[in-house]
Amino acid sequence: AIEFPWDADYRGRQRDDGAWDVMLSKLERHKREHGDCRVPSKDKELANWVRDQRKRKATMPADRKERLNAIEFPWDADYRGRQRDDGAWDVMLSKLERHKREHGDCRVPSKDKELANWVRDQRKRKATMPADRKERLNAIEFPWD
């Protein structure tokens, strides 16, 4: 019989090898020194780990979420660590609503580069998008395909 390591990561390492705790300690140290969990990209290892925690939030064990919450981890931040909820999303939604009123649909031509890129990004983010944002897009009959 083949002994398959069910509790290994994609590199074959044991998931519970303490690496997560080591990275959390690095993030805690960063927060003590800088006052926040915004890790610059020059600290590639920690910046990538922080990004990965955001991506894994839905499947992360509750105890890990609690430990990140305890240090005020910004779950809803962009790749630079800035809060996503800075009003920019609402501004772009308003532009899309205006486009729909004027043109009858949410199909934005590529010549409106900013709005077209935003629409494309919403489609890409559908799986991880907060439910309230999906609802707001669905309310204006946003074409997800």
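Helices are taken as DSSP runs of H or I with at least four residues, numbered from the N terminus. The structure is a predicted model, in which local features need pLDDT of at least 70 and side-chain atom pairs count only at pLDDT 80 or more, while totals for chains, interfaces and linings use all residues. Residues are numbered from 1 along each chain as its sequence is written, and side-chain values use heavy atoms, with hydrogens and water left out.

Helix H1 is followed by Gly-35, whose phi is positive, near 85°. Within H1, Trp-20, Met-23, Leu-24, Leu-27, His-30 and Lys-31 are buried (under 20% relative accessible area, with a 1.4 Å probe and protein chains only). These residues cover an arc of only 115° around the axis, taken from the directions from the helix axis to the C-beta atoms, and therefore lie on the same side of H1. On the other side of H1, Arg-32 and Glu-33 are exposed (over 50%). The buried residues of H1 pack against H2 and helix H3 (62-70), contact meaning heavy atoms within 4.5 Å.

The axes of H1 (residues 19-34) and H2 (residues 44-55) come within 10 Å and cross at roughly 105°, where axes are lines fitted to C-alpha atoms over the stretch in contact and angles run from 0 to 180 degrees between N-to-C directions. H1 is therefore roughly perpendicular to H2, a term applied to angles of 65 to 115 degrees. On the H1 side, the contact is made by Trp-20, Met-23, Leu-24, Lys-26, Leu-27 and His-30, and on the H2 side by Glu-45, Leu-46, Trp-49, Val-50 and Gln-53.

Definitions and conventions
Helices (H or I, at least four residues) and strands (E, at least two) are DSSP runs, numbered from the N terminus. Angles under 35 degrees count as roughly parallel, over 145 as roughly antiparallel, 65 to 115 as roughly perpendicular and the rest as oblique.
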